[in-house]
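Good morning, and thank you for joining.

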Amino acid sequence: PHAIRLEGDLTLGGLFPVHARGPAGVPCGPVKKEKGIHRLEAMLYALDRVNGDPRVLPNLTLGARILDTCSRDTYALEQALSFVRSLLPPEGGEGQCPDGSAPRRPPPERLVGVIGASASSVSIMVANVLRLFA
C-alpha cells in the first residue's frame with residue numbers, strides 16, 4: 001500500500017522512511033516531511049533529470065519502485081521482499097486463457113539497484129536479503 005511505481009527500461013528500487021514508526025500493532029505513523037518526503041522527492045527529481053537528458057542514457061529510461069519503510073526495520077525487510085517477488089515467475093505455472101491460448105505476461109522487472117534505506121540497521125538487513133538474489 002505504501003509504494004510508487006514508475007515504468008522504465010531499468011528499474012531502481014528506493015526504500016525511504018516516508019512515515020514514522022506507528023504505535024504498537026500499526027506499522028506506520030504520521031508522515032515525515034524532512035527525512036522522508038524530501039528523500040523521496042530527491043529520487044524522483046534525479047530520475048526526471050536523467051530521463052529528460054537523452055545524452056545521459058540514450059535509448060533507455062529509468063523507472064522506479066519506491067517503498068516506504070515506515071522507520072521500522074522489520075517492515076522495511078518485508079517491503080524489500082517485494083523487490084524479490086517481482087523477479088520471480090508468477091505462481092501457478094503458465095495457466096491458460098478461456099480461448100485456449102497462453103496468457104501474455106509482462107516481462108520481469110529489471111531491478112538494477114536499490115537506494116536506501118536511511119538507517120544502517122535497515123540497510124544491512126535489506127542488503128543481506130537482496131544479496132541472495134544478486
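Let me begin with T69, which counts as buried because its relative accessibility is 4%; buried means under 20% relative accessible area, exposed over 50%, and partly exposed in between, with a 1.4 Å probe and protein chains only. Before going further, I note that this is a predicted model, in which local features need pLDDT of at least 70, side-chain atom pairs count only at pLDDT 80 or more, and totals for chains, interfaces and linings use all residues. Residues are numbered from 1 along each chain as its sequence is written, and side-chain values use heavy atoms, with hydrogens and water left out.

T69 sits in the loop between β5 (62-68) and α2 (73-87). Helices (H or I, at least four residues) and strands (E, at least two) are DSSP runs, numbered from the N terminus. Apart from residues up to four places away in sequence, T69 touches L15, F16, P17, Y75, A76 and A117, where contact means heavy atoms within 4.5 Å.

I turn now to C28, which belongs to strand β4 (residues 28-31). C28 counts as buried because its relative accessible area is 15%. Neighbours within four places in sequence aside, C28 contacts H2, H19, A20, R21, G22, C70 and Y75.

Finally, S82 is found in helix α2. S82 is buried, at a relative accessible area of 14%, and, beyond its neighbours within four places in sequence, S82 is in contact with R65 and L67.
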